[in-house]
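Please look at the following chain and its fold. Some questions with worked answers come after it.

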Amino acid sequence: MEGCTLFQIRHGRESTSSCKLLRRVRYGVQPVTDFAFATCLPGMESALKLDVGRARPDLRFAYSRPGLVTFKSVDAIAVDDAPGSVFARVWGRSIGPARSPEDAVHQLALVGADRLHVYPRDPESVTDLAPWHAALGVGLPGVAAGPATDGELVADVIVSASADEPAWLGLHRQDANHVAAPGALIAVDVPADAPSRAYAKIEEAIAWAGLPVRTGDVALEIGAAPGGAVMALAKRGVEVFGVDTGELAPNVRAMKGVHHLPIKVGALRWEQLPKRVDWLLVDVNLAPQVALHEVGRLMPKLAPTLVGAVFTLKLNDVSFVAELPVLAQRIAGFGFQSVRMRHLPSNRKEVCAVAMMRQRA
Ligand SMILES: C[S@@+](CC[C@H](N)C(=O)[O-])C[C@H]1O[C@@H](n2cnc3c(N)ncnc32)[C@H](O)[C@@H]1O
């Protein structure tokens, strides 16, 4: 069974099934094997594995299903182990498979979780969570569902849409490296008339990174059409300048404070930029290095007033994963104080990078 042993050693509890292994660990007969788990967008497992291979040479790929990957370690995996990849939605200590809700109750009964997160392995599938919620609600009394608060020990129950496949169990400690929502699935209410999923992408970025976006702010978006992100920002009372050769949707164009600059970013001149820009958004269909080259050209004009930037970096090829540290450095080189990357729930073959230029009072 993956990874139950060390946790139980630390907490002084043993289950019959793990006694043999515990004895081997105590008497130093055999090194301990621990496992980390990561959830991800189904289809992004290869990117996740490549990224972990680069960032965490201590881990070896162990097991994969769409939306779930586990890694083997000869060292203990702590429940607050830092995520090994930007593609990990949830990262933690793997417990292993659970064949039924009752099996999950049995395995989680003694782990001492403060919080229970039951979520689908593939959020876009139809997955029946009800039997798992029902059994775990009764079997783990007092362990609440819902968003976790910092410091809480969270039991992850990752449920497959197929009844033939087991659920997967894991544990993580809630901290700044983890999104509070179950499965890290940040809930965004996308209006029916939003013209693109970029509405959800910018709202997820704001929620994940805690961006201090305020009414009256000014944003510049490079690659703005058809206007999902423009709509989200305009609804927040932000004045938005959208650069795109394509058209903004008429309902977005008609919103208060929305401006369209119908040109290629390469043709954008400093004189066309507003006097003050608080937020820069880059969501352009260009290779990241090309998009960043254009940003670099504009940065001397933008930097004096910029609070932060949200880059959607297009990964047309999985080999781009190896470039992520270089891209982060390139962005930091524009003078940003911090750069954080994450594959957000609405991202597809792309990664969100949030860069902060200055703190706000
Ligand atoms: C993913 S879409 C942007 C979606 C948009 N952010 C939204 O919220 O709906 C990428 C956009 O980049 C634009 N684009 C591609 N090359 C461009 C360039 N050189 N200059 C400006 N826009 C460009 C395309 O026209 C396209 O509308």
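Predicted model: local features only at pLDDT ≥ 70, side-chain atom pairs only at ≥ 80, totals over all residues.

Q: Are the rings of Tyr 63 and Trp 168 stacked or edge-to-face?
A: A pair of aromatic rings is described by the distance of the centres and the angle of the planes. The centres of Tyr 63 and Trp 168 lie 4.8 Å apart, and the planes make an angle of 20°. Planes under 30 degrees apart count as stacked, so the pair of Tyr 63 and Trp 168 is stacked.

Q: How many residues apart in the chain are Tyr 63 and Trp 168?
A: Tyr 63 belongs to strand 2 (residues 59–65), and Trp 168 belongs to strand 7 (residues 167–173). The pair therefore links distant parts of the chain, with a separation of 105 residues.

Q: Is Trp 168 buried or exposed?
A: The relative accessibility of Trp 168 is 6%. Buried means under 20%, so Trp 168 counts as buried.

Q: Which residue has its charged end over the ring of Phe 61?
A: The charged end in question sits 4.2 Å from the centre of the Phe 61 ring. It belongs to Lys 49.

Q: Which residue forms a salt bridge with Glu 124?
A: The count between domain 1 and domain 2 is one salt bridge. In the salt bridge of Glu 124, the closest N and O atoms are 2.6 Å apart, and the partner is Arg 348.

Note on methods:
Residues numbered from 1 in each chain as written. Heavy atoms only, no water. Phe/Tyr/Trp six-rings, centres within 6.5 Å; stacked < 30°, edge-to-face > 60°. Helix = DSSP H or I, 4+ residues; strand = E, 2+ residues; numbered from the N terminus. Buried < 20%, exposed > 50% of the residue type's maximum accessible area, 1.4 Å probe, protein only. Lys NZ or Arg CZ within 6 Å of the ring centre and 35° of its normal. Salt bridge = Lys/Arg side-chain N within 4 Å of Asp/Glu carboxyl O.
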